[in-house]
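Trainee: Let us go through this model together. Please show it, and then I will ask.

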Amino acid sequence: MSAGFGKVELRDIRAVARDDLIGCPHCGRLHRIRLPAPGRRAECSRCGAVLFRRGRGGLHHALPMAITGALLLLLVAANPLMAVHIQGNDRTSLVTTGIEALAGQGMWPLSLLVGLLVLAAPFARVMAVIAVLLRVHRGRRPGRPRETARLFAWTETLRPWAMLDVFLLGLLVGYSRLKGFANAEVLAGGIALGGYVVARTAMDLMLDHRAVWQAIDHVPATDEPPPARWVSCGVCHRIHGCDHGPAPERCTRCHSRLHAREPESLERTTALVAAGIILYIPANLLPVMTVVNFGQGAPSTILSGVHELAEVGLWPLALLVFVASVAVPVLKLAGLGWFILSARRGSPSLLHARTRLYRIIDAIGRWSNIDVFMIAILTALVQFGAVASVRADPGAVAFAAVVILTMMASHVFDPRVMWDRAEENPRLPAIPDRHPGRPN
Ligand SMILES: [Zn+2]
Ligand SMILES: [Zn+2]
């Protein structure tokens with residue numbers, strides 16, 4: 001029982017929990033849920049945010065994909081990703097070889113980060129998804145709903161941090177760079193990695209999050225009017241009405257801590273963005289990697305790496321790395337800076353555009369890790385003594401820190417604060433809806 005409710009019985013707490021309503025996570029508008037067709041999504045009528053997506057084929061279709069993903073993940077971990085042949089010498093590399101090589105060069109923060117993002121997080125997430133889906137198979141209510149809810153909430157938290165899809169692109173970029181001076185080939189682990197990314201994407205498209213939460217715990221729809229005051233759970237999106245008292249401290253379904261808005265969102269985002277801007281300077285000025293080939297070679301920065309790819313005619317890859325490693329971090333830092341300043345001023349101008357830009361920044365941030373993973377792969381593969389070697393340099397640590405800080409900043413930033421502050425601004429007219437005709 002939650003402390004905030006005093007002597008209220010548990011059934012009364014369930015009575016204020018509403019699963020027929022959903023609050024927009026980006027502008028804060030409350031909507032009554034209308035189910036879209038399978039595979040389609042429900043959008044906010046005010047800001048266009050995706051409120052939820054209805055999975056295809058119900059709960060049991062995501063399970064085979066999750067099991068396939070887990071099996072492929074075992075193959076990825078156990079088989080070499082790539083082989084390099086230089087001057088009659090061969091070398092192959094597992095995912096773990098890169099992690100060990102970075103640690104061996106004293107780059108342990110980078111080694112730890114790569115291990116967490118490409119091994120620990122993907123494994124933990126896919127196993128937790130399988131465990132949850134086995135428990136709610138065919139819409140059954142699980143025997144231990146609280147534990148299942150915690151596990152599913154955890155899979156949601158892990159989702160952006162499980163980065164084998166980004167790692168696959170890093171492998172592609174690393175392979176293309178190697179082709180310039182060595183004979184490289186992708187091996188079974190690399191092919192399994194491609195298969196895993198396909199299976200995981202299919203799993204995420206089929207996984208109906210709302211259906212899983214409903215199977216875990218569901219309050220039937222009522223004819224009651226929507227509450228005037230409410231708090232939406234940031235993880236499972238259950239609405240907790242608080243017209244007749246304070247909201248519970250924790251969500252009555254997934255037990256995550258409830259907050260009307262992300263606490264100290266603007267302050268925490270400001271601190272993370274400031275740290276990101278400071279580290280962006282060494283990330284671009286310091287070398288991230290040194291490639292030595294027959295005694296020749298100089299440390300290369302992020303930008304000179306892009307230049308090298310362009311020089312050997314790999315324009316699409318050069319463009320990809322430029323966008324992911326140079327343009328995206330700048331867009332993230334500038335965009336978040338703009339959101340913070342406009343929220344502080346309570347400005348209503350370009351509110352819809354700002355919210356859309358926030359969605360883009362939040363979605364693409366993780367792809368900036370391509371270069372970090374490429375460095376881990378090359379460091380593991382190219383160790384041929386005097387003939388050829390690759391070393392990670394301190395700029396890579398600064399760069400990885402910028403990527404992680406900006407990801408955390410966009411996670412901590414609550415875009416609803418921009419809408420709240422603009423609405424609270426007494427000098428301004430009401431904010432128009434994006435689709436004024438649509439019912440809520
Ligand atoms: Zn909205
Ligand atoms: Zn919840």
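Trainee: Which residues does the UniProt annotation "transmembrane region" cover?

Mentor: First, the ground rules: this is a predicted model, where local features need pLDDT of at least 70, side-chain atom pairs count only at pLDDT 80 or more, and totals for chains, interfaces and linings use all residues. Residues are numbered from 1 along each chain as its sequence is written, chains are lettered from A and ligands numbered from 1 in the order in which they are written, and side-chain values use heavy atoms, with hydrogens and water left out. UniProt positions are given in the numbering used here, feature names are shortened, and annotations may be inferred rather than shown by experiment. The annotation comes from an unreviewed UniProt entry, and it covers residues 62–86, 106–136, 271–294, 314–341, 372–390 and 396–413.

Trainee: How far apart are the end C-alpha atoms of residues 62–86?

Mentor: Start with the secondary structure, taken as DSSP runs numbered from the N terminus: helices are H or I of at least four residues, strands E of at least two. Residues 372–390 are 53% helix and 16% strand, with end C-alpha atoms 13 Å apart. Residues 62–86 are 68% helix and 20% strand, and here the end C-alpha atoms are separated by 43 Å.

Trainee: Which residues coordinate the zinc ion (ligand 1)?

Mentor: Donors are N, O and S atoms within 2.8 Å of the metal (3.2 Å for Na, K and Ca); water is not among the atoms, so sites may look incomplete. The spacing of the donors along the chain is C-x2-C-x16-C-x2-C. At 2.2 to 2.3 Å, the SG atoms come from C24, C27, C44 and C47.

Trainee: Why does the arrangement around the zinc ion (ligand 1) count as tetrahedral?

Mentor: Four donors count as tetrahedral if all angles lie between 85 and 135 degrees; four count as square planar and six as octahedral if opposite donors are over 155 degrees apart and all others between 65 and 115; anything else is irregular. The arrangement at ligand 1 is tetrahedral because its four donor atoms subtend angles of 102 to 117°.

Trainee: What spacing do the donors of the zinc ion (ligand 2) follow along the chain?

Mentor: The SG atoms of C233, C236, C251 and C254 coordinate this ion at 2.2 to 2.3 Å. Their angles are 98 to 119°, so this arrangement is tetrahedral. Along the chain the spacing reads C-x2-C-x14-C-x2-C.

Trainee: How many disulfides does a search of the whole structure find?

Mentor: A disulfide is a pair of cysteine sulfur atoms within 2.5 Å. Searching the whole structure gives a count of zero.

Trainee: What kind of aromatic pair do F152 and W213 form?

Mentor: Rings of Phe, Tyr and Trp (its six-membered ring) pair if their centres lie within 6.5 Å; planes under 30 degrees apart count as stacked, over 60 as edge-to-face and the rest as tilted. There are six aromatic pairs in the structure. The rings of F152 and W213 have centres 5.0 Å apart and planes at 65°, so the pair is edge-to-face.

Trainee: Which helices hold F152 and W213?

Mentor: Both residues are buried. They are 61 residues apart in sequence, so the pair ties together separate parts: helix α5 (residues 145–158) for F152 and helix α8 (residues 209–216) for W213.

Trainee: Which residues do ring pairs link into a cluster with F339?

Mentor: F339 and Y358 form an edge-to-face pair, 6.4 Å centre to centre with 65° between the planes. F339 lies in helix α11 (residues 315–345) and Y358 in helix α12 (residues 351–364), so the pair joins parts 19 residues apart in sequence. F339 is buried at 0% relative accessible area. With F339, the cluster links W338, Y358 and F413.

Trainee: Where does L350 lie, given its positive phi of about 55°?

Mentor: L350 is not a glycine, yet its phi is positive. At 55% relative accessibility, it counts as exposed. Its place is the loop between α11 and α12.

Methods: Buried < 20%, exposed > 50% of the residue type's maximum accessible area, 1.4 Å probe, protein only.
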